[in-house]
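Please look through the structure shown below before reading on.

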Amino acid sequence: MKDLEGHRQQHQNTQSNLNIQYSRTTKIVLGAVFSAIAVIFQSAGIFAGIGYALSILATLPIVLSCFISLRIGFMSYFITILLLMIVQPSELIVFPFTTGLLGISLGTAFKLWKNWLSITLFGGIALTAGIMAILYIFRFPVLGPSISQTFNIKVAIIILLFSLFYSWIWMGLSRKAAGVLFFAGVKKNFSDK
């Protein structure tokens, strides 16, 4: 019984490490910096090859801004969308429904749950919904011209499986990046789950 109580107390202490304490001004400045970084990464897609690899990194600044606070995370998400309207309008339909949506959903999931499976599922389902919305509602060929824009269950299952795998990768990368940038307690907090 004492061991259980001690483990519970230690778990509560490590959970408190997830609340990063900054002044309101510092949070706003960090959110704006993360938004600018997300715009730079998302806009890098105009350069073929390495640009595509850099554009997927736009997820990370949004997740990291959610670690600061959910309000700052959502602010960074919407500011990134507004900046993309000015800097790179062609990325405006992709970011809110793919890299940005994954970032905001993973950041929210990190705040709500501590279990890696819940975080991965939430991010993967959100990314699947975003890709399906682009494909079937907006009829934008985000996966290339070879994918039909009429609903196909096989394509939907493949998108779901890919999104879950992609979300799992970003869950791990985000946790490591947050541990390096903000605090060492993140890695410890999730390692026993």
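In what follows, contact means that heavy atoms lie within 4.5 Å. Helices (H or I, at least four residues) and strands (E, at least two) are DSSP runs numbered from the N terminus. This is a predicted model, in which local features need pLDDT of at least 70 and side-chain atom pairs count only at pLDDT 80 or more, while totals for chains, interfaces and linings use all residues. Residues are numbered from 1 along each chain as its sequence is written, and side-chain values use heavy atoms, with hydrogens and water left out.

The chain contains nine helices and zero strands. Of its contacts between residues at least 6 apart in sequence, 69% join residues at least 24 apart. A residue is called buried under 20% relative accessible area, exposed over 50%, and partly exposed in between (1.4 Å probe, protein chains only). Buried residues account for 45% of the 193 residues.

A nonpolar core is a set of buried Ala, Val, Leu, Ile, Met, Phe, Trp, Tyr and Cys residues joined through side-chain atoms within 4.5 Å. The largest such core has 25 residues, and Leu64, Phe67, Leu106 and Phe182 have the most contacts inside it. Helices H4 (59–68), H6 (99–112), H7 (116–137) and H8 (153–181) each supply at least two residues of this core. The largest share, eight residues, comes from H8. A second, separate core has 12 residues, including Cys66 and Phe95.

Helix H4 is mostly covered, with nine of its 10 residues buried; among them are Pro61, Leu64 and Phe67. The buried residues of H4 pack against helix H2 (24–43), helix H5 (70–87), H6 and H8.

Serine 55 lies in helix H3 (residues 50–55). Why does serine 55 count as buried? Its relative accessibility is 11%, and the limit for a buried residue is under 20%. Apart from neighbours within four places in sequence, serine 55 is in contact with Phe41, Gln42, Gly45 and Thr99.

By the Shrake-Rupley method with a 1.4 Å probe, the accessible surface of the chain comes to about 10,400 Å², of which 71% belongs to carbon and sulfur atoms.
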